[in-house]
Structures are given as structure tokens and as C-alpha cells.
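Please open the structure in a viewer and keep the selection tool at hand.

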Amino acid sequence: MSVFSASRAIAPSATATFAVDAPRATRRRAPPRSTRRVVAPRASAAEGGGDATTTTTTPPEPPRGSGDRQKAIVVGGGVGGLGMASRLAHAGYDVTILEKNPDVGGRCRSESFGPADGPDGFRFDTGPSLMLLPDRYREQFTAVGKKLEDYMDITRVDPAYRAHFGDHTTLDLLYDTEKMRKQLDDVEFGAGGRYIDWLGRARASLDYGVAAFIERDANSILDFVDLSRVGPLALAMAKYFKDERLRALFSYQELYVGLSPYNAPGVFSLLAATELTDGVWYPTGGFDQVRGSLQKLADEEGAETRVNAGVAAILTEPLDASTRASEVPGSKATRRVVGVRLENGETIDADVVVANPDLPCVWEQLIDHEEFPEAKREAERWEDAEYSCSVIEFNFCLDVVIPDLLHHNVFLSGDYKGSWERPCCVDDFAAPRQHNFYCHNPVYTDKTCAPEGKSSVMILFPVANMNEQAKMCKKRGIPVPEEADMVNAAREAIFRRFKEAGHGDLAAHVEHESVTTPSEWKQKFNIKHGAVFGLSHGLTQLAAFRPPVRTGIAPLDSPECDGLHFVGASTRPGNGVPLVLMGVKVVYDAIIAQHGVGAKAKAKAM
Ligand SMILES: Cc1cc2nc3c(=O)[nH]c(=O)nc-3n(C[C@H](O)[C@H](O)[C@H](O)COP(=O)(O)OP(=O)(O)OC[C@H]3O[C@@H](n4cnc5c(N)ncnc54)[C@H](O)[C@@H]3O)c2cc1C
């Protein structure tokens, strides 16, 4: 047992695994494809089904590297990049993933920290830990003819999570509606019945939301506006529950997409509905199973992965000077993509480039602003947009198991409204203020996370993102604090809350800790302003208004460039692994519609 002091140095292990200026790209050639597939000729997909009937025999897929396939480069190996790579490779493209870090997965990963690795080690999911909408994960596998269950085991976490309220009472989120009704009635007379009504409507919001602006990739404001669903969530919740604990409980999920109940449209009650209907799931062995499985799928489909391969620029050229017109129906593009340049100077040609880094960073860093002035305009447009919070993440290796923690826990402040103001300076953590934070305690479900009798507890403490922090400090006339001081203050606030809630002195049980700060999130994964959940999902940045490409209001449209596509948390539909995977499907369909399958147009002539 070690005694923890506020001045204790932050363990360097969190950053040690990442080489930011990695010297050399490392190639990993995927094993050859084991099965041969027949691909439709390019014309059939590119031209919306066009002349497919004239082809009586479909040609065999051209071998990889033969020059007869279209080349696709996927910049970034996050879940978006990995998902896209396996789908495109499956469609016959020669695919190369270029990832700046020493491994793929991006924010989605598990890491081991602590006094020792192996059986004495402590494993943490340092990014996603709640698997929501498992069918969206499954789709990624079925899209390439595989089955998720052959790659990982997933189990439903029951109860979904425990809410720890500011008055130190708790309530467990149960899938059993009748049990939920009873316990809510104990908190507030009649709340149980209203919960059932709310759940039905929230579930409808979920189905509506997915159908209206995710699967359809709404391109016009008219596709999206339904005034009954765009009022603030806080108002919607107030209609159902008077008790602020219940309002907090059913709107806390807004944090996942960088909103608060005061600026989240009512349609976002879909997040809570997801947890209570589809359930909260856990990939046995942690989210590294998701990362590893998506990588394996891409390997099996024949995609090549190069790590330590940071991309410095996405290369474009003007479209044919005589016509200046794009071949893509409806496109306003005046340029087309031709490849990428790596940080080491190497250039690689491509027919299609899919950019997976945080979208504002793509416009800001990866596209030449002189050649492509619209990219500069786009970078400026997103510079000061609304971003999600950042988080200070604590990974605590504890020498005990805390009995009152379930697998997933949310600590909710007694100050329902005030708690949504994101801390930006040390004073914002001071007692007696309470905060909302999330606590992951996977040893509850999976004993392999920590040595026997011990536990690996991860806390996500939401704070202002770096841009917001600078602005708020300026407004208050104070200097931006040192990050280490913010970390110490947040840690103290956590320990204080645990003690007040009767969980004892956490500090006394920390064997080792690893912390990730906003600037480290920014640097590790190239995330704008260190806003870990990307561009926020307020009304003006949702659906058609979320980049790219068209909004239905021409001056707000994003620039177009033939062959350049985007996937990831800051583009459509939004943040979270299942949403990013849904985005992969939408963009994949667009690529096939615009560029055809991987076999080059030569196949069309056959
Ligand atoms: C702390 C935390 C908790 C979360 N919890 C959940 C959760 O419980 N459930 C859930 O569903 N979601 C959760 N999320 C959100 C989820 O992790 C993300 O939405 C998702 O992983 C984003 O995937 P992505 O592919 O868009 O981006 P990323 O994961 O950011 O991947 C982009 C990749 O591009 C690489 N890259 C950047 N620039 C370059 C360059 N120039 N050249 C080459 N490569 C580059 C990056 O290194 C990275 O690997 C959480 C996120 C965080 C940070």
C-alpha cells in the first residue's frame, strides 16, 4: 500500500508508448487473401447499376499490386480508418492504412500500466469502455462476410451502471422495466410510470435519429428539422421528472457527445434509451479486442498497414483545365486527390484518399491552403466552432476492490445545472463543489483486469477543452493554469468525493497512476483543442450541418475534392464507436457510387 500525495509525479507510462516524431515508417504486409471473390465491374456500381446486365461473365478480381485495382489510402488507423480499410479492400481496392502512431486503433484501445506487466499488471480501457449499439459493431463484420462472435466475446453488463448522486444515495440502471419503475417511484411519486412513457419516446427518438439523419446522411436542413425534437433536452426532461437526481440520470449521457442538457436537442434522449434498451456491453478482455479485431479484419481482407507513418499532406491537383468539371454527378469539385506525402517525404499515389484524423485537423494541417483556398476557409470555419469537453483521465492501479462500485459508474453532482460548467481553472475544483465524472471498474465483470484482490479504476473527469479554457480564463482575467495544477486539483476533487460518499480513502490505495491530460490527447491522436469527443453535436453542427459536404445552404457547404472522403468522430454522423462505424458504411457507399469497386475501369470493357 502506498500513500499518495498531491505532489506525486505523474507516471510517464501513459505517454511512453507513443512516439510522436517516430523516425521510420514500419510496414506490415497483410497475409494474402484466402478467398477469391468475384467483383462486379466498375461501371455497375459507379453508374448506379448502369449497364451491369451487359456483363455476362464478371472478371476475376485483379491481383493486389497488379496495377489493375484502384488504390485507396486511408490516413489514420482509428476505428473509422480500420473499418473503411477492410470494406474497401473487400471491394477489391488496393488499400494502405497510414497511421502516425506505433499502433492502430486511435482512441480505441486498452493499455497496461502499473508496477508490473503480465499477471501482476493492471489493464485499462483508456478510450471507449461502454459498448453501445452492438449491432453496429456486428455490421462491420458482416459487411465483409465475417461474424463478430468469431473475433471477440461480448457480454451485456448488468446492471448497466450505477449512478452515485450528490446526496450520496445511489440508483442502479436496470434493464428490467418493472424493477426500474418501482425504484423510481421510491425516489419520486409517479416517476416510474413517467419513466416507461419516457423510455418509449426516447426509443422512438433513437429509431427516428438513426433513420433520419444517420442512415440517410441528411444533406438538407429539411431532412432533419422536426421542431418537436429540437428543443433543449433539459426542458424535455423537466416534463418527466421533478427530482433533479432523475433529470441528471437521464441526461448525463450528453457528455458523450460534448453537450449538456441545456444545449442538447431533445432528440438526444436517444443516448439514454440506447443504454436501457440495447444495453451496455463489454468485449471480454477490454476494448483492445475491438481494436485488434478490426485490425485483423483489415489484414484478412488484404489491406496493408504502415505504422509510424504520419501523413504530412494530402495531395490534390486541379481538374482537367478544359472542362474544370468533376466526373462525380452533382459535385462542385474543382480539384481531385492524387495521393499523400508522408512526414518522411515519401509520396504515395492514390485514386481515393479517406482521411480519418479529426476532421478540423485535416483541413488545417493536411491540405495545402495556397493551392486549395477553400480548405483554408474550412479550417478557419471549424477553428472556433463548438467542441466537446476534454477530459483528464486517471488510471488508478488500486490495491483493493471497492465494494460499492459496479462495472460502470457515474458520479453526479448535487448541483444539476452548475455541474455542466466545465472546469477551466484550479478554483473550479474547490470544495464543496461536486462534479460529474465517469468511473470504469471493469474488474466487476472481468477479473483479468487486475491482480487478485486489486482493481484497475479509470476516471474520466470532464474539463474545458484547450480553446475554451483559454477563452474562459481570459474572460475571468486569470492566466491559463499549468496542466499539472489542474491534474492535482481534479485528483483531489475525486478523492474528496469518494471519501464523502463513504468509499474510504482512495489515495491510500493507489499503487500506481497514469494520467492523460488535454494536451496529451491533442498530441497523441491529433485531436483539435484536445476535445476528446470531437466537434460538438449542437443543432448547428448536427446532421446536414456537420461537415462534410452539403448543408442545403450553399454558403455553408464544405469544399469538395474528387476522391477525398472523411470518416471519424468529427464528421457525420458523429462521435462514439458505433456512430463512427455507421459513418464508415455511409461513406463506403458513397465511394462505391462515385468511384466504383476496386477493379479498374478496364474491367468495364470485358
Ligand atoms: C476517453 C474517451 C472515452 C470514450 N468512451 C467511449 C465509449 O465508452 N463508447 C464509445 O462508443 N465511444 C467512446 N469514445 C469515443 C470513441 O473513442 C471515438 O468516437 C472513436 O474512437 C473515434 O474514432 P475515429 O476513427 O474517428 O478517430 P481516432 O480514434 O482519433 O483515429 C484517428 C487516427 O488518425 C491518426 N492520425 C492523426 N493524424 C494523422 C496523420 N497526420 N497521419 C497519420 N495518422 C494520423 C491518429 O493517430 C488516430 O490513430 C471515447 C473517447 C475517449 C477519448
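Select helix 11 and helix 12 to begin: helix 11 passes helix 12 in a left-handed crossing. The model shown is a predicted one. Helix 11 covers residues 359-366 and helix 12 covers residues 373-383; their axes come within 8 Å and cross at roughly 135°. The two helices are therefore oblique to each other.

Now display the side chains where this pair meets. Helix 11 contributes Pro360, Trp363 and Glu364, which meet Ala375, Glu378, Ala379 and Trp382 of helix 12. Of the residues in this contact, five are nonpolar, two are charged and none is polar.

Next, select helix 3 (79-90) and helix 16 (577-595). At what angle do the axes of helix 3 and helix 16 cross? The crossing angle is roughly 35°, and the axes come within 9 Å. Here helix 3 passes helix 16 in a right-handed crossing. On the side of helix 3, select Val79, Gly80, Gly83, Met84, Arg87 and Leu88. Their counterparts in helix 16 include Val577, Leu581, Val584, Tyr588 and Ile591. The contact of helix 3 with helix 16 divides into ten nonpolar residues, three polar residues and one charged residue.

A shell of 36 residues surrounds the ligand, and the closest are Gly76, Gly78, Gly80, Gly106 and Gly568. Helix 3 and helix 16 each give two or more residues to this shell, as does strand 15 (390-398). By class, the shell holds 17 nonpolar, 15 polar and four charged residues.

Colour the domains for the following view. Domain 1 (68-105 + 130-152 + 287-385 + 534-605) and domain 3 (389-532) both give residues to the shell, so the ligand lies between them.

The last stops concern the backbone. Most residues other than glycine have a negative phi, and most peptide bonds are trans. Select Asp158 and Pro159: the peptide bond from Asp158 to Pro159 is cis, with omega near -5°. Pro159 is located in the loop between strand 6 (154-156) and strand 7 (161-164).

Move to Ala431 and Pro432, which are also joined by a cis peptide bond, with omega about 10°. The loop that holds Pro432 runs between strand 16 (408-411) and strand 17 (437-440).

Finally, select Leu133, which is not a glycine and yet has a positive phi of about 50°. Leu133 sits in the loop between strand 5 (122-125) and helix 4 (134-142).

How values were computed
Residues numbered from 1 in each chain as written. Predicted model: local features only at pLDDT ≥ 70, side-chain atom pairs only at ≥ 80, totals over all residues. Near = placed C-beta within 6 Å. Helix = DSSP H or I, 4+ residues; strand = E, 2+ residues; numbered from the N terminus. Nonpolar A, V, L, I, M, F, W, Y, C, P; charged D, E, K, R; others polar. Domains from an automatic or database assignment. Axes fitted to C-alpha atoms, helices over the stretch in contact; angles between N-to-C directions. Parallel < 35°, antiparallel > 145°, perpendicular 65-115°, else oblique. Left-handed = near helix turned anticlockwise from the far one by under 90°. Contact = placed C-beta atoms within 7 Å.
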